[in-house]
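Let's go through this structure together, feature by feature. Ask away as we go.

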Amino acid sequence: MKRFSIRGLVILLFVLIAPSGVWAGSDGYVEKLINRQCKSCHRFEGKPTSKFELKAPDMMWSGVKYQSPWLVRWLLGQEDNLYPNSYRWDKSYGFSRKHMILTQEEATLVAAYIEKTYGDSRIKKSFVDMSTFTEMEAGLGAGIFREYSCLGCHQIKDDEGNKIGGPISADLFDAGNRYTLDWWSRFAENPQDFTPHSGEYLADISPRKARHIIGYLMTLGVKDFKYYEPWNSEAFKQADAKRGAKVYKEYCVQCHGVEGKGDGPGAKGLDPKPAVHADLPLADYPEDYLYNLIYYGGKSVGKSPNMPDWGVTLSPQNIADVIAHLRSTFKGE
Ligand code: HEC
Ligand code: HEC
Ligand code: HEC
């Protein structure tokens, strides 16, 4: 039998019969705490302002920026500082390097209050669907992180767990446990809307690449992030080689040739030449390899970029079908 807890029962009864005024009471308590303490450093109202006029990060949108468990941990002092050189690296004043710590009860109440109070109407549901985010996309996102200089100002961890990157702004190696996808996606669209002078590093990026970098950050620090595996999806279970032959004719024959001999009209002048499918045991190639090669193009698997990427053009079903066609037709015999 379960142990009976009088205390639990009393709390339960209290919750059931307490007039809502009691809870407004705890709101009142939290409000005072925020006004007296938090607001001596953070702003909870006002327009985005250069960090060089702030003492601490802005909290106007804090209700939608953080994942609740992270916010509670932060307020309990269980998280390391985010700014390696202190938030105001240009000043020597003030911050004792240890953030103020609340009790468990206060932290829970403050986090709940913040989430209820400090929303931001600019923040909509993200266009990125993490349930379809693949490991290849995370890899491409990691490339963009370097290509767009993110590493120049934000630290992440390398494969051995060492911190790498410039320590000028917030650490991002745990970003996937801290930010909400919706806030981070909107922030990425134009960081200046939140912190002027932070730069517009992603201004010229395509929606597809934006998905890669946004999704990549949401995987950082997440233990055993579950990547989507398209080759285990419904489309692959229903793949049809006959339909795939049609896709092959429309999109592949121009280079790979009608019979897969690498002699299509588009092959001339290409170096390296299109693969001779007729000589390759494509039936034995791993499904994920073929998927990534076709979806993201030759460069994604270390082959020539002259093998185009088809991810934008072909539907998931088209790709599943053309792979079924490759597998049933080319056995390398
Ligand atoms: C003495 C000044 C001070 C007080 C008081 C203070 N903070 Fe902070 N807070 C900071 C600084 C500075 C940082 C950035 C620290 C870092 O990560 O290096 C910070 C960071 C944070 C962050 C993470 C911000 C981010 O980077 O997104 C949150 C959330 C936060 N504080 C909430 C609160 C709340 C809630 C209170 C009141 C209970 C509070 N703070 C009180 C100075 C303060
Ligand atoms: C020249 C330095 C610099 C570069 C390069 C840079 N950032 Fe930032 N980033 C900042 C600054 C400054 C802020 C505002 C926070 C602060 O005051 O440090 C910021 C904020 C952020 C935040 C929100 C941090 C928070 O908790 O509020 C994220 C996420 C972020 N950047 C991601 C990126 C990504 C991804 C790239 C590359 C596309 C990038 N940044 C490139 C300087 C930079
Ligand atoms: C613009 C020409 C072109 C088109 C169109 C093209 N390919 Fe390719 N493909 C190439 C080239 C070039 C290579 C060789 C890359 C290398 O060896 O680095 C290649 C290689 C391949 C390979 C072999 C990869 C390996 O590991 O050896 C496969 C499989 C393949 N393509 C499938 C397709 C499919 C399926 C389509 C149609 C959806 C297609 N290709 C359309 C140019 C093309």
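Q: Which helix gives the most to the shell around ligand 2?
A: First, helices (H or I, at least four residues) are DSSP runs, numbered from the N terminus. Here α7 gives the most to the shell around ligand 2, with three residues. Helix α7 covers 150-153, and α7 and α9 each supply at least two residues of that shell.

Q: Before we go on, what kind of model is this, and how are things numbered?
A: It's a predicted model: local features need pLDDT of at least 70, side-chain atom pairs count only at pLDDT 80 or more, and totals for chains, interfaces and linings use all residues. Residues are numbered from 1 along each chain as its sequence is written, while chains are lettered from A and ligands numbered from 1 in the order in which they are written.

Q: Which residues come nearest to ligand 2?
A: A residue is near a molecule if its C-beta atom, placed from the backbone, lies within 6 Å of it. Of the 21 residues around ligand 2, the nearest are Cys150, Cys153, Ser169, Ser198 and Tyr201.

Q: How does the shell around ligand 2 split by class?
A: Ala, Val, Leu, Ile, Met, Phe, Trp, Tyr, Cys and Pro count as nonpolar, Asp, Glu, Lys and Arg as charged, and the others, Gly among them, as polar. On that scheme, the shell around ligand 2 has 13 nonpolar, seven polar and one charged residues.

Q: And what about ligand 1?
A: Ligand 1 has 23 residues around it, and Cys38, Cys41, Ala56, Leu82 and Tyr83 come nearest. Helix α4 (residues 68-75) gives the most to this shell, with three residues. By class, the shell around ligand 1 has 16 nonpolar, seven polar and no charged residues.

Q: Which residues of α9 meet α10?
A: Two residues are in contact if their C-beta atoms, placed from the backbone, lie within 7 Å. In α9, Leu181, Trp184, Ser185 and Ala188 meet Ala210, Ile214, Leu217 and Met218 of α10. Sorted by class, this contact has seven nonpolar, one polar and no charged residues.

Q: Where is the cis peptide bond?
A: Look at aspartate 271 and proline 272: a cis peptide bond joins them, with omega about 0°. Proline 272 lies in the loop between α13 (253-256) and α14 (287-296).

Q: How many residues reach a pLDDT of 70 or more?
A: pLDDT is the predictor's confidence in each residue, from 0 to 100. The protein chain has a mean pLDDT of 92, and 91% of its residues reach 70 or more.
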